[in-house]
Amino acid sequence: MSSISDIIERYLKKIINESEDGVIEIKRSELADIFQCVPSQINYVISTRFTVEKGYIVESKRGGGGFIRIQKVRYKNRHEIFDEMLSYIGDAVTQMTAEHVIFRLMEEDLMTKREGLLMKRLISRETLQLPIPLRDPVRARMMKVLLTTLLTSKGE
C-alpha cells in the first residue's frame, strides 16, 4: 500500500505531465484538504521529491495569496542533462544527492533501472566504507566516471 507521500507525489507529477508547459501552481492548504492531511505533509513531499537534482524548480510565495509553483525542467538533448548532473555532483557528493541524480536519469530514460540499481549499490555508504572526509569526494569521482561512460556509450 502506498504512503500518503507517494500518493501526493504521483498526483502532482500527473498534473505536471498533463500541463502544456510543465508548470503548475498549487495552494498548499487546498492540496492538504484534497488529501486530508496537514499542510506540512505537502511541504515534506515537495521538499524531498521535487528537488533540483530530480529535475524540478520550486518557487513558493507565502501568505494569503500564497502558492507553490512547480516546474519540470526540460532539456533540448541528453548532453544538457548530463552536464547539469555533473555540475550537481561537483568535487564531492552526498549519497542522497547522488541517488537523486540516478533517479533523475532513470526517470528521463537515460539509464535503465538495472544500471541505476547497480550505481546506487556502488556509491552507497555500505560499499564506500571510508572515513567520512573521503567518502563524498570518492563518490563524486565514481559518479562522474559512471555518467561519462553512460553518455559516451549510448551515443546521440
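Two strands pair if DSSP finds at least two bridges between them. I note that first, since the sheet comes first. The model I am reading is predicted.

**Entry 1: the sheet**

I started with valine 23. Glutamate 25 has arginine 69 of E3 as its partner. Strand E1, residues 23-26, and strand E3, residues 67-72, pair in the antiparallel sense over 4 bridges.

I looked at E2 next. Strand E2 covers residues 56-61 and pairs with E3 over 6 bridges, again in the antiparallel sense. Lysine 61 stands opposite phenylalanine 67 in E3.

In what order do the strands lie in the sheet? I read it as E1-E3-E2, an open sheet of 3 strands with antiparallel pairing. E1 and E2 are at the edges and have a single partner strand each, so one side of each lacks a neighbour in the sheet.

**Entry 2: the faces of E1**

I checked which side chains of E1 are covered. Ile24 and Ile26 make up the covered face. Val23 and Glu25 make up the uncovered one.

I then looked for what lies across the strands. Helix H1, residues 4-18, lies across E1, E2 and E3. H1 runs at about 130 degrees to E1.

**Entry 3: the cores**

I turned to the nonpolar cores. The largest has 20 residues. Phe82, Leu105, Met119, Met143 and Leu147 have the most contacts inside this core. Which elements give two or more residues to it? I listed helix H4 (78-89), helix H5 (95-107) and helix H7 (132-154). H7 gives the most, with 5 residues.

Leaving aside neighbours within four places in sequence, leucine 147 is in contact with Phe82, Met85, Leu86, Ile89, Val101, Leu105 and Met119.

I also logged a second, separate core of 16 residues. Val45, Ile46, Tyr56 and Ile68 are among its members.

**Entry 4: H4 against H5**

I examined the packing of H4 on H5. Their axes are 10 Å apart, at an angle of about 170 degrees. That makes H4 roughly antiparallel to H5; the cut-off for that term is over 145 degrees.

On the H4 side I found Ile81, Phe82, Glu84, Met85 and Tyr88. They meet Thr97, Val101, Arg104 and Leu105 in H5. I sorted the residues of this contact into 6 nonpolar, 1 polar and 2 charged.

**Entry 5: H5 against H6**

How do the axes of H5 and H6 cross? I read roughly 175 degrees for H5 and helix H6, residues 113-122. The axes come within 9 Å. H5 and H6 are therefore roughly antiparallel to each other.

Glu99, Ile102 and Met106 in H5 meet Lys113, Gly116, Met119 and Lys120 in H6. The residues of this contact divide into 3 nonpolar, 1 polar and 3 charged.

**Entry 6: two residues of H5**

I picked isoleucine 102, placed in helix H5. Is isoleucine 102 buried or exposed? It is buried, with a relative accessible area of 0%; the cut-off for buried is under 20%. Leaving aside neighbours within four places in sequence, isoleucine 102 is in contact with Met111, Gly116, Met119, Lys120, Ile123 and Met143. I followed up on methionine 143. Isoleucine 102 and methionine 143 are 41 residues apart in sequence and 9.2 Å apart in space, C-alpha to C-alpha.

I then checked phenylalanine 103, also found in helix H5. Phenylalanine 103 counts as partly exposed, at 28% relative accessibility. Which residues does phenylalanine 103 touch, not counting those up to four places away in sequence? I found Lys13 and Lys54. I also noted its place relative to lysine 113. Phenylalanine 103 and lysine 113 are 10 residues apart in sequence and 9.0 Å apart in space, C-alpha to C-alpha.

Notes
Residues are numbered from 1 along each chain as its sequence is written. This is a predicted model: local features need pLDDT of at least 70, side-chain atom pairs count only at pLDDT 80 or more; totals for chains, interfaces and linings use all residues. Side-chain values use heavy atoms; hydrogens and water are left out. A nonpolar core is a set of buried Ala, Val, Leu, Ile, Met, Phe, Trp, Tyr and Cys residues joined through side-chain atoms within 4.5 Å. Buried means under 20% relative accessible area, exposed over 50%, partly exposed in between (1.4 Å probe, protein chains only). Contact means heavy atoms within 4.5 Å. Axes are lines fitted to C-alpha atoms, for helices over the stretch in contact, and angles run from 0 to 180 degrees between N-to-C directions. Angles under 35 degrees count as roughly parallel, over 145 as roughly antiparallel, 65 to 115 as roughly perpendicular and the rest as oblique. Ala, Val, Leu, Ile, Met, Phe, Trp, Tyr, Cys and Pro count as nonpolar, Asp, Glu, Lys and Arg as charged, and the others, Gly among them, as polar.
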